[in-house]
Amino acid sequence: MTAPTFADPIEQHHYDTITERLGANRLKAEAEAAAGHEPSLDAEPAVAKPAESLRDLATEAAVLKLLAERVAAAQKDVKTRTQQALDAAEKRDGTERVVASLPTGEQVATISLRKGETGPVVTDEEALARFVRRTWPDEEWTTTRIVREVKPWKLAELVAEMDAAGAAKLVDKVTGEVLDVPGVAIKPTRARTYAITWRKGGKDTTAEAWRTGALAKQLAAITAVGAE
């Protein structure tokens, strides 16, 4: 059978291309059949994944950077205000826990107060070392370099004793005298803070509320114009 010819060179090119591909597919099928392989009826030609647009990537990177900056600033602000409110509530009526709910009423998380701690903090190590040396001159509890300092193991022991007493005081085991310790003060050693515990499905529910715009009020600090 003679192959048709076309006056239009473009149509001729299309015909030749299609014919060539059909021929190649036929030869491949014959080769597979000869090798005992069943031809695949549902195989689809591999489709190359389109290259990502550099412009789209640049936009995504810029948007996420802006969001990260605004979220960080908003989070710092709300953390301070939440801590103040929790401290006031705990002082007022003993409240130490509050539920986080979406505008729809769905409870998604629980915020719990974490109380801070106070304890002995060495504020002037040299003064403390002079006190230890003067009070217990026969004990090798201090070392001298440029300044005198308490040996680390003994310092830890003394601090633990003051921590247990809740005051910057030590008891002389020999005389029983209660001694005021210089260079040490009872100060906060861990700040008061709070923890957020997500309920099951709470994160997904919150994300959906964000997507639908239900959290517009809560996200105003992030989306406000000129909030640099």
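**Pocket lining and aromatic cluster**

The lining of the largest pocket comprises 20 nonpolar, 6 polar and 4 charged residues (Ala, Val, Leu, Ile, Met, Phe, Trp, Tyr, Cys and Pro count as nonpolar, Asp, Glu, Lys and Arg as charged, and the others, Gly among them, as polar). This is a predicted model, in which local features need pLDDT of at least 70 and side-chain atom pairs count only at pLDDT 80 or more, while totals for chains, interfaces and linings use all residues. Residues are numbered from 1 along each chain as its sequence is written, and side-chain values use heavy atoms, with hydrogens and water left out.

**Largest pocket**

- The volume of the largest pocket is about 1,300 Å³.
- Among the 30 residues that line this pocket, V78, I196, W198, Q218 and L219 are the closest to its centre.
- Two or more lining residues come from each of α2 (54-93), β1 (97-101), β2 (107-114), β9 (193-198), α5 (202-212) and α6 (220-223).
- With 8 residues, α2 gives the most to the lining.
- A pocket is an open set of points on a 1 Å grid over the protein atoms alone, where a 1.4 Å probe fits, with protein on both sides within 12 Å along at least five of seven lines; lining residues have an atom within 4 Å of a point.
- Helices (H or I, at least four residues) and strands (E, at least two) are DSSP runs, numbered from the N terminus.

**Aromatic cluster**

- The structure holds 2 aromatic pairs (ring centres of Phe, Tyr or Trp, its six-membered ring, within 6.5 Å; planes under 30 degrees apart are stacked, over 60 edge-to-face, the rest tilted).
- F131 and W136 are an edge-to-face pair, because their ring centres lie 5.9 Å apart with the planes at 85 degrees.
- W136 and W141 make a tilted pair, at 5.4 Å centre to centre and 55 degrees between the planes.
- F131, W136 and W141 together form one aromatic cluster.
- F131 is buried at 4% relative accessibility, as are W136 at 14% and W141 at 15% (buried means under 20% relative accessible area, exposed over 50%, partly exposed in between, with a 1.4 Å probe and protein chains only).
- K154 places its charged end over the ring of W141, 3.7 Å from the ring centre (NZ of Lys or CZ of Arg within 6 Å of the centre and within 35 degrees of the ring normal).

**Helix α3**

- In α3 (residues 125-135), the buried residues include A127, L128, A129, F131 and V132.

How values were computed:
Points joined across faces, edges and corners; volume = space filled by probe spheres on them.
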